[in-house]
Structure formats: C-alpha cells, structure tokens
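Visitor: I am new to this structure. Could you take me through one part of it closely and describe what that part meets?

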Amino acid sequence: MAYSIHQHLQYNLWANTTIADTLRTIDDDLYFRETGSSFSSISKTILHVWGAQFIWLTRMQGESLSTWPSAGVTDKEESLAGLVTSSADLVSFAGSKDESFLRSTYAYKSMKGEPFADPYEDTLFHVVNHGTYHRGQIITMLRQGGITSLPGTDLIHYLRTVKK
C-alpha cells in the first residue's frame, strides 16, 4: 500500500506532540528568548505553526479567516496544546473524508482577501511540510540554547520506530 496523506498527518501529529512534550521540559526563558530565526523565538514559531494549521483547516471547512487564531496567546501550555490539538484536528478532518473528496478542489480567501483554489490533499501535504520546516528551526534554537539531547522527529524515524 502506498504512503498516504492519512499517514503523513499521523506523522505530523506525532512529531508535533514530540516537540510539544520536549518544550514543556525547558525553561520558560529559553522558550520565550528572542533569537534570529524566521520567527524570533520558539514561542512565536509554535504560535505560527499552530495558527497556520488552524487557518488551513478552517479554510478547508469552508471559512476564511482574516486574523490569526493564536494572536494574543502568551501562555506556553496553551500554545503547545493548540499545536497538538490542531494537528489532531487535521487527522480527524482527513479521516472523515474519502479519497475522491481529498483529491477535489476547494475555494478560499487568503488572509489578505485574495481568492485561491487548491486540492484538499495538496493543502494537507503543504501543512505537514510547513510544520517540518519550522520544527527544524525549533531544534536549531534549542541547540543554540544549550539543549543537546533532543528526540528525533524526522519522518524516517517515525516510520522506523513508531509506525512499524
């Protein structure tokens, strides 16, 4: 059987849960520390990934947002819970749809109000890829903060150890 979007979303949930569990153990100073990445802290990176996942899911459910759902969140646990919950919500969404639906196209508006249309499945693969990119940045910020013992969150690690 070919690797599917459902498996990819399960991987995303596992990887984001793994990262969230790791981040719960670090000092708040490191979590909120300003660095030089795409987003200036681990906290802001988590908020971005959570927000993006939520926004894409909301679009696929027929609503286009004009504001970030994570705006104003400053609590570490709330942001980590949001990341994991939005990852689980993506798994549930795709799991409730058949293959023909996932290959179909939906219309939405960007945060700037621009109209777009994309296949659901392409969007879901994008969301996972986006999260992977930012998890790599988080790992770099953790290493720069002196954390050297970190769990693997690569897809191949998931497939070899968790998915067996």
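**Helix H1 and its surroundings**

Guide: Helix H1 (residues 5–23) and helix H7 (residues 155–162) have axes that come within 10 Å and cross at roughly 95 degrees. Axes here are lines fitted to C-alpha atoms, for helices over the stretch in contact, with angles from 0 to 180 degrees between N-to-C directions. H1 and H7 are therefore roughly perpendicular to each other; the label covers 65 to 115 degrees, while under 35 is roughly parallel, over 145 roughly antiparallel and the rest oblique. From H1, the contact (heavy atoms within 4.5 Å) involves Gln7, His8, Gln10, Tyr11 and Trp14, and from H7 it involves Leu155, His157, Tyr158 and Val162. These residues are 5 nonpolar, 4 polar and no charged. Ala, Val, Leu, Ile, Met, Phe, Trp, Tyr, Cys and Pro count as nonpolar, Asp, Glu, Lys and Arg as charged, and the others, Gly among them, as polar.

The model is predicted: local features need pLDDT of at least 70, side-chain atom pairs count only at pLDDT 80 or more, and totals for chains, interfaces and linings use all residues. Residues are numbered from 1 along each chain as its sequence is written, and side-chain values use heavy atoms, with hydrogens and water left out. Helices (H or I, at least four residues) and strands (E, at least two) are DSSP runs, numbered from the N terminus.

H1 also meets helix H4 (residues 76–95), with axes that come within 9 Å and cross at roughly 170 degrees. The two helices are therefore roughly antiparallel to each other. Among the residues in contact are Leu9, Leu13 and Ala20 of H1 and Lys76, Leu80 and Val84 of H4.

Next comes the loop between H1 and helix H2. Arginine 24 forms a salt bridge (a side-chain nitrogen of Lys or Arg within 4 Å of a carboxyl oxygen of Asp or Glu) with glutamate 77, at 2.8 Å, N to O. Arginine 24 lies in that loop and glutamate 77 in H4, so the pair ties together parts that are 53 residues apart in sequence. Glutamate 77 is partly exposed, at 39% relative accessibility; buried means under 20% relative accessible area, exposed over 50%, and partly exposed in between (1.4 Å probe, protein chains only).

Aspartate 28 has a salt bridge with lysine 76, with the closest N and O atoms 3.2 Å apart. Aspartate 28 lies in H2 and lysine 76 in H4, so this pair ties together parts 48 residues apart in sequence. At 12% relative accessibility, lysine 76 is buried, whereas aspartate 28, at 44%, is partly exposed.
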